[in-house]
Amino acid sequence: MIRHGVRQLRNPWADGPEYVTQCPIQPGRSYTYQFTIQNQEGTLWWHAHSKWLRATVYGALIIYPKLGSPYPFPMPKREMPVILGEWWDRNPLDVLKLALFTGGAPNVSDAYTINGQPGDLYRCSSKETAIYPVEAGETILLRIINSALNQELYFGVANHKLTVVAVDASYTKPFTTNVIMIAPGQTTDVLLTADQPPARYYMAAHAYNTANAAFDNTTTTAILEYESAHYSAKGGKYLKPIFPQLPGFNDTATATAFTAQLRSPCKVKVPIEIDESLFFTVGLGLINCKNKNSPRCQGPNGTRFAASINNVSFVLPRSTSLMQAYYQDQPGVFTTDFPPVPPIQFDYTGNVSRGLWQPVKGTKLVKLKFGSKVQIVFQDTSIVTVEDHPMHIHGYEFYVVGSGFGNFDPKNDPAKFNLVDPPRRNTIGTPPGGWVAIRFVADNPGIWLLHCHLDTHLPWGLATALLVENGVGKLQTVQPPPLDLPQC
């Protein structure tokens, strides 16, 4: 179990991803996570981090300001979580198990949900549709979380403007929009003012899909219901809610424009002199099979799907966790020779030679000195398909200083970076066929998973981990593990 976005300073033991900071909690056993929240406030969430258990094991984690400290925006009349999810009619663990056996893509979900309910547009679910009551004229704060396994989503409320005030538990310069795009792992706080004629209005979410691949093309709904409209039904039946206009599933321009508006509220302290400049290609790949007709080679042209960063397809250990091996100085579990740049340079978003499609499996970590100033450029590739990969770093927040389409240009693109008021996040997507640059200070010692938050891509290997060394003294050193840390 992880508290997604909590920094867990000096305490990776409370982070939670299986075989990274701990072994999985075994059936019938328990583990108590103890951690301190420091200098964070806003909307985060918690979820399982073992296989696809996250499909149903998740919830909101809201950190309120200290008593007496106001929000940096007008106080809302009320607050409501809006947790977007993804639903399979089958056991999602069976869906994953089948995909890992065949080497093909997993079956797409059967529905999306809002606060656990699919909504009016699905068979047999309208009675349980989530309803959000509002009074005319009041302003409410919606804390929106995308807990879907594999899908970026567009979200909007019919006839109502949304004022974005925070993302990933970091405040932003407020701006108004009709729709938000939110990737798995991300949170977005918006203010909504009930300034429309009293009626019933749909909240709705559907896919923003950037890959050339099958996806769940359904729409989940909830209802924003004005209190006075509750009593104005004709003949005992409610008036049909008004539906919002959402962008098309392939509308990258709207997603890009939304993300580009995000800014920190004021000037922030972005690392300027960089100690570690890392360039990570991220994307899919294919493992060739000797027997293309094998039932275990049901990917494209008799292959198995894979994914990688810098051509390394990450493999988790199975007999211990990375953090336990590091702390106990166990050899042979991992190496720290993760390539800081791709082993071979190529036209990342062009027509890539098939000889570069097969990654190498390995458990390689990125080693960083405590306090080093780090820049990572995530470069999407066109291998198999371009795609928006929401990249998440455990134990850290970072500033998103730049992004663009095509191949990153190290000579000219840094001149366009926003080093004044970039947004602070813990999860950021690569533009499909493009790149995104982040900066942070490696001031949290331990081993921290870095991975794509599309859960199909994690078991395929789209991950690595940052090994941040201890600094000087107790306050820069990983604390000892708890006595009840799960064992393998």
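**Exercise 1. Find the partner of Arg 54 in a salt bridge, and work out which parts of the chain the pair ties together.**

Step 1. Look for a salt bridge, meaning a side-chain nitrogen of Lys or Arg within 4 Å of a carboxyl oxygen of Asp or Glu. Arg 54 makes one with Asp 455, and their closest N and O atoms are 2.9 Å apart.

Step 2. Arg 54 sits in the loop between β2 (42-47) and β3 (58-63), while Asp 455 sits in the loop between β26 (446-452) and α4 (457-460), so the pair ties together parts 401 residues apart in sequence. Helices (H or I, at least four residues) and strands (E, at least two) are DSSP runs, numbered from the N terminus.

Step 3. Zoom out: the salt bridge count comes to 16.

A quick word on the model: it's predicted, so local features need pLDDT of at least 70 and side-chain atom pairs count only at pLDDT 80 or more, whereas totals for chains, interfaces and linings use all residues. Residues are numbered from 1 along each chain as its sequence is written, and side-chain values use heavy atoms, with hydrogens and water left out.

**Exercise 2. Describe how domain 1 and domain 2 meet.**

Step 1. Get the bounds, which come from an automatic or database domain assignment: domain 1 is 69-260 and domain 2 is 276-468. Their C-alpha centres lie 29 Å apart.

Step 2. Check the contacts (heavy atoms within 4.5 Å). Here 30 residues of domain 1 touch 29 residues of domain 2.

Step 3. Look at buried area, the accessible area (1.4 Å probe) that two parts lose on being put together, summed over both. The two domains bury about 2,300 Å² between them, 50% of it on carbon and sulfur atoms. On the domain 1 side, Phe 101, Asp 168 and Thr 210 lose the most area to domain 2, together 19% of what that side buries.

Step 4. Pick out the charged pairs. Two salt bridges run between the domains. The side chains of Asp 168 and Arg 425 also meet in a salt bridge, at 3.1 Å from N to O.

**Exercise 3. Decide whether the overall size of the protein agrees or disagrees with a compact globule.**

Step 1. Take the radius of gyration over C-alpha atoms; the globule rule is 2.2 Å times the number of residues to the power 0.38.

Step 2. Compare. For 488 residues a compact globule would come out near 23 Å, and the protein has 22 Å, which agrees.

Step 3. Inside it, the protein has four helices and 27 strands.
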